[in-house]
Amino acid sequence: MAYYVKSSIILFFASTLFLQGALGEIACENLPTNVCSFSIASSGKRCLLENSANDEGKTEYQCKTSEVVVGNMAEYIETDECVNACGVDRNSVGISSDALLEPQFTAKLCSPACYQNCPNVVDLYFNLAAGEGVYLPDLCNKQRSSPHRAMIELLSSGAAATDASAPIASENIVVGAPDISPASF
């Protein structure tokens, strides 16, 4: 019996190494556009969907590497379950904190299905909220108890007054949300 367990473990590690070698590193530019958004390259940088006009004037989408480094994740492609649970859209170009002003979006982001199971999406919006001076765990607590009040407080933080089209700094930015596990509520 010990032989079978030992050989199973060896087989597992060998197949893991084979798959890692076969798949290679994740580079945003090599990802299909339908999984680009909410993915993280092997370098730890977030992938970003961008659009541009081709020679015929038609819009084309490309997956690009952003300069935003996620401190605690790499080589990660968000699951469809998390995309649906969190109410995010893989086809949106760019990411903005404006979504936090929409009560339906905030309700999905703060739902247990998203908040407790989708650390990549939560980390991203945690940092967007922090950029607006809002602490996401507090916003989620307020959203659960009084959604209307949560939106009023978010608006009063200045989030609505910021320029969503302002460029992101081109230097490497390491981001990482603190532990926002269910116990932190």
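**Fold and salt bridges of the predicted model**

The structure is a predicted model, in which local features need pLDDT of at least 70 and side-chain atom pairs count only at pLDDT 80 or more, whereas totals for chains, interfaces and linings use all residues. Residues are numbered from 1 along each chain as its sequence is written, and side-chain values use heavy atoms, with hydrogens and water left out.

The protein contains eight helices and five strands, where helices (H or I, at least four residues) and strands (E, at least two) are DSSP runs numbered from the N terminus. Read from the N terminus on, the order of these elements is α-α-β-β-β-β-α-α-α-α-α-α-β. The accessible surface, computed by the Shrake-Rupley method with a 1.4 Å probe, comes to about 10,900 Å², and 57% of this area belongs to carbon and sulfur atoms. Of the 185 residues, 34% count as buried, a class that requires under 20% relative accessible area, while exposed means over 50% and partly exposed lies in between (1.4 Å probe, protein chains only).

Side chains of opposite charge can pair when their charged atoms come close. When a salt bridge is taken as a side-chain nitrogen of Lys or Arg within 4 Å of a carboxyl oxygen of Asp or Glu, the count comes to three.

One of these salt bridges joins the side chains of Glu67 and Lys45, with an N to O distance of 3.3 Å. Because Glu67 lies in strand β3 (residues 59-70) and Lys45 in strand β2 (residues 45-53), the pair ties together parts that are 22 residues apart in sequence. Glu67 is partly exposed, with a relative accessible area of 30%, whereas Lys45 is buried, with a value of 17%.

A salt bridge is also formed between Arg46 and Asp123, whose closest N and O atoms are 3.0 Å apart. This pair links distant parts of the chain, since Arg46 belongs to strand β2 and Asp123 to helix α6 (residues 119-131), 77 residues apart. Arg46 is buried at a relative accessible area of 7%, and Asp123 likewise counts as buried, at 3% relative accessibility.

In the salt bridge between Asp80 and Arg90, the closest N and O atoms are 3.3 Å apart. Here Asp80 lies in helix α3 (residues 80-86) and Arg90 in the loop between α3 and α4 (103-110), 10 residues apart. Arg90 is buried, with a relative accessible area of 7%.
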